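This report looks at a few side chains and the contacts they make. Please have the sequence and the model open while reading.

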Amino acid sequence: MSAAGRSADYPRGFLFRHFSLGTLATGCAVLVCLSILAIQLSTIWRAREVRLHEARDAAANVSQAVAQHAYDTLKEVDTLLLGLVERGAMSGTSGFDQSRMQALLRSRVAELPQLQAIIVFADDGRPLINSGREMPVNLDNPGNEYLQYHRLHNDQRPYMGMGAGRLGQSEWIMALSRRINLPDGSFGGVVLATVRLNYFRKFYEDFSIGEQGTILLAHDNGSLVVKIPYDGGMSEVADLSFKLFSESSSMVKIKETHASEGFGGKTTIISYRKISEYPLVIVTALSQDEVLSGWRNDACLQIAALSALILLNGFFGCRLLSQLNSHLIIEEEFKESSDELKVSNQRLTDLALHDGLTGLANRRSFDEALMVEFSRAQRAGNSLGLMMIDIDFFKQYNDIYGHVAGDECLKKIAGVVATGMRRAGDMAARYGGEEMVLLLPGSDIDGAVSLAETIRHGIETLGIPHIGSPLCKVTVSIGVAVFPLIKMETLAITLLNAADHALYKAKASGRNNVCTCDSRAKKFSRINAVEINENWCQEYAGQADMASQGADDGGQADLHGHERQLVRL
């Protein structure tokens, strides 16, 4: 069929029967764009949730830190008051040495930066001792709320009221007081400490809560104590109900972080923490709009980039769709040519890696396989065997029967040698001339010798006539070498030399037999390989002379030629 004919039928028959190729490609492009859009929007929304979660954690951490700081600050003051209460319970307020006590209280106030003053009131409301220089507003009368509370409540718990207010026209303070009981349990007076609110404010200003964030320290009845940011004009201890605590104090959560409508109707992330042992609550409020401002900028940039990406995808999709039909036709034609080229390349590869006469692997293929299997055996610690096979008196066979008969003889012997490849990784190859090799990965010496004997016997059983041989038929000599454990410093040529020397030994021992290399072959390395080879040549030279006395001149030439080849190796 021509290319034009294939182009006419291509969209209908190639993909689906009821859809054209253009429809399928367009649908695929739209699906990809929608998938990218959905994934990106999901990622953007997930980033928003992560930002809000981090903001909730940040608000909770700030509230926890502020609450702990307030507790530690008040606990130090309360511990000092408790000591004074115990001293007053023993002797009453009349037993205080006012001059010594005032000096002592002033030294304690100097030690604690949060303290403004410590005041001791008698049972009739008179201030007996004041470590400060002036009396705070609302405390200079016998009817202040602290005296009234302790007269009516016979308990040892600290009391924190909201009537301390301001110290003259200077800083704002709050007060913490305890009741002094006389030895008979009656009311003996009040010891009171005023705490600087500015001490809390300075600590709160170190937290990063954004421009619209707020940190509040409030009484559990809803009265505001400290607020950050501080506007400087509003009384921070004014008796104003804070709108976050519109419910009763019993409804205020001890620990909670959530988003609610507050501060001008804007959504705010709020974290509550109640200070243990004291009627105070910490509130951290973060503006959700401010928390998400960075996320909105990132989301706008990502959506803009995504829109541009979708437009580019659509543009290039249309361009590619217009060329798809012609490209598919060209691809089909190329595939046909490629298949033919693969077949041709495979044939060339087979010719390059196999011997054309015997069909076995050639010398090049064997050398590559030897290096691969040798390296694998080194890494895995496996054994590696090699069998070298040489046809006895083959030169005389060619002289007597001709080279054509010699080629046929090689083919038959190669067929028997090929039967030795019984496992994956085994390789039979023509090494050169009348020599063949069989590579045996993972074989032990007993298995390799048994296989070599089988091959030798199979070739002898062929019964190929050879009047130039003492046995009057074609036989082979086989040298076997097996390295059970190959060290990293051992070279591949060492195994080849070992098998070659074993073959030399088989030749020197009368031919038509199987010999193995000496155990010294296991010790071959780069350093001593040549020395061992030379020792073996000398060891087997005498045997070669004895075996060659009954051989003809052709056999002597073959033996000596092989000996010279080994020495060169």
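Is Phe203 buried, partly exposed or exposed? With a relative accessible area of 26%, Phe203 is partly exposed, where buried means under 20%, exposed over 50% and partly exposed in between, using a 1.4 Å probe and protein chains only.

## Basis of the model

This is a predicted model, in which local features need pLDDT of at least 70 and side-chain atom pairs count only at pLDDT 80 or more, while totals for chains, interfaces and linings use all residues. Residues are numbered from 1 along each chain as its sequence is written, and side-chain values use heavy atoms, with hydrogens and water left out.

## Aromatic pairs

Rings of Phe, Tyr and Trp (its six-membered ring) pair if their centres lie within 6.5 Å, and planes under 30 degrees apart count as stacked, over 60 as edge-to-face and the rest as tilted. By this rule there are ten aromatic pairs. One of them is the stacked pair of Tyr149 and Tyr159, with 3.9 Å from centre to centre and 15° between the planes. Tyr159 is buried, at 18% relative accessibility.

Phe203 and Tyr204 form an edge-to-face pair, at 6.2 Å centre to centre and 65° between the planes.

## Charges over rings

A charge sits over a ring if NZ of Lys or CZ of Arg is within 6 Å of the ring centre and within 35 degrees of the ring normal. The charged end of Arg363 lies over the ring of Tyr431, 3.9 Å from its centre, and that of Arg511 over the ring of Phe393, 4.3 Å from its centre.
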